[in-house]
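Have the structure open as you read.

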Amino acid sequence: MIIIIVLVLVFLVLGGGIIYFYQKNNTLIDQVSENLEQLIQLQLGEQLTQIKKQKLAGLSLEKYQAYQTQYQNLTEKQLPQEQEKLLAASEQNISFRVLTAYRSLQKLAQEVQKQLKLIAKIQAGLDVLSQSLIQVQTDLTQLQKQVSLFKKQLVENSLFMAPLKVALESKLQPIVVQLQKATALVEQGNPLTAQELLKNLQKDFHNLQKLYERTLQRQERLQAEFNPQLEELERVDKKLKGLGMQLPNPQIPLELQTIRSQIKQLESLLLKLQLAHFDRLEKEILQHLDQLYDRIASEWRLKKKVRVGQPILGDFLQHAQAQGRRLAQEMVRLRQQYVLKLADQERAQTCQQQLIEIQAVYQQQLKYLKAPQVIYSQVWQQFQKMNRNLTQIETQQQQIQEHLGALKVGYQDLQQQTQALIQELDRLQRKLVLLHLPGLPSQYQVQYREAEQKVQRLQAQLGQDPVDVFKLQEQCTKAQKLLTVLTATNRQLIEDIQTTSLLLQYANRYINDLPEVKQAAQKAQQVCEQEHDYHQARQIIAQALDQAEPGAVERIQKLQQNEVQP
């Protein structure tokens, strides 16, 4: 029973498969039949015949023959074969050899599709060939008209120089020759080659037209741009000479000669149709002209500046000379009382020499301004240089004047400072005298004598003419430093004396009970009276009291400090 069921299922599957492929094959047969019908209906024979009548040659003939061969092979060989294959596949499908028929139909459908694409390609190529026959004739006729019109325009244009016309005609001649060749190709039945040639000719002719327009523009500029400017510059040159003015080298005539030579080079470049070089040289000429105009305008402006600046510079020079004379007189007067700085004397002498030189140059420029032809830019440069030098001289004169003024002030300050040093020495001495000391420490005496001698020398030199103020200021500074050290030593000495006295008084309470305190007090007293070393005596008695009564010395010193402080 199972076997029967399996067999029935197998039979159903096989039957279903056969029915499926049978129907699919029928669909493929319909599609292939329809495509083959399209191939049969695409009759290109009449188009091939019409094109053949044009008596093709060259590339056009080769293209035509290739299309004709492909079409004949398709219609005479491939199409009958495909029809036979379709008939065989149909018979296989009817006899239920559906799988074999399916494979054959698939392959056949692909081949028919290729043939459809091939015949469409052939038809497109024939259309291009047909259109090229028409288009090339149209393009050829149009280009011939344009070339003829260009020739006429070139001949009739009176603006062009004859050599320039010849140069453009020489550029046109190769185009005319190639145009004749394209005409011959069309007449020979080779429109495709002629079309390619015409494309290049149209491009070349378009470039020639652009060259014509660019050349015409440059010739118009060449004829209209420079001559008016050159004539104007010649008039300006005459006017400048009439006004007694002259430019620095190179002069205007030489500049115009150079520019005219460059313009001739422009004409040569234009005749050679070297427009890029023409443009670069034209730009250089225009820049040259602009620079020349700028030089002329600058000379006019500088003439006005010279006229205005000349009296101002003269006043400045006179002021500097007057200031120099006053400064020299002041230095002669002060030299009797003070020692002047060598640098100031040298600078004053240098300024005076420079003023003499500037005066000579200034007179020379005034004389030059009366000459028939004057280059005002050179005069203005000299004026500027003199003005800078006078400004520097004025600055140096002011600095020297400040130094001279500082001598007077410095001398007065030295007198006041010296008097203050003397008073300070007296004050320090009086403070010690009031203490009625048996003597003073040797170190203090040395410091005092050194400071006293330094102040005395300073006082003596201030009373001797001429006074070297700057040197004495240095000595005064040194004396002040010595006195500062002496003041500190004096303060410490007085503190040691007063503290020692208090400590000795306080030690009296222990003298009877503590022999070491008594011995220290006697030793400290001896050091004060014989050696006058009050600092050592303070240390001796302080050490003994610290042992006898710790903290007593510190307490006494604080009391002493509180009494000293205001």
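How are α11 and α12 oriented relative to each other? This is a predicted model, and in it the axes of α11 (residues 376–433) and α12 (residues 442–462) come within 10 Å and cross at roughly 150°. Angles over 145 degrees count as roughly antiparallel, so that's what α11 and α12 are. The crossing of α11 past α12 is left-handed.

Who's doing the touching? On the α11 side, the contact residues include Tyr411, Leu414, Leu421, Ile422 and Leu432. From α12, Tyr444, Tyr448, Val455 and Leu462 are among them. Sorted by type, this contact has 13 nonpolar residues, 4 polar ones and 1 charged one.

Now for another pair. Helix α7 and helix α8 also have axes that come within 10 Å, crossing at roughly 170°, which makes α7 roughly antiparallel to α8. Here α7 brings Leu230, Leu233, Glu234, Asp237 and Leu240, while α8 brings Ile252, Pro253, Leu256, Ile259, Arg260 and Ile263. That contact splits into 8 nonpolar, no polar and 3 charged residues.

The two pairs in brief:

| Helix pair | Residues | Axis crossing |
|---|---|---|
| α11 / α12 | residues 376–433 / residues 442–462 | roughly 150° |
| α7 / α8 | residues 227–242 / residues 252–271 | roughly 170° |

Zooming out, the chain has 16 helices and 0 strands. Of its 566 residues, 37% count as buried. Among contacts with a separation of 6 or more, 81% link residues 24 or more positions apart. The chain exposes about 34,200 Å², with carbon and sulfur atoms supplying 52% of it.

Methods: Residues are numbered from 1 along each chain as its sequence is written. This is a predicted model: local features need pLDDT of at least 70, side-chain atom pairs count only at pLDDT 80 or more; totals for chains, interfaces and linings use all residues. Side-chain values use heavy atoms; hydrogens and water are left out. Axes are lines fitted to C-alpha atoms, for helices over the stretch in contact, and angles run from 0 to 180 degrees between N-to-C directions. Helices (H or I, at least four residues) and strands (E, at least two) are DSSP runs, numbered from the N terminus. Angles under 35 degrees count as roughly parallel, over 145 as roughly antiparallel, 65 to 115 as roughly perpendicular and the rest as oblique. A crossing is left-handed if the near helix is turned anticlockwise from the far one by less than a right angle, and right-handed if clockwise. Contact means heavy atoms within 4.5 Å. Ala, Val, Leu, Ile, Met, Phe, Trp, Tyr, Cys and Pro count as nonpolar, Asp, Glu, Lys and Arg as charged, and the others, Gly among them, as polar. Buried means under 20% relative accessible area, exposed over 50%, partly exposed in between (1.4 Å probe, protein chains only). Accessible areas come from the Shrake-Rupley method with a 1.4 Å probe; for residues, only the protein chains shown count as cover.
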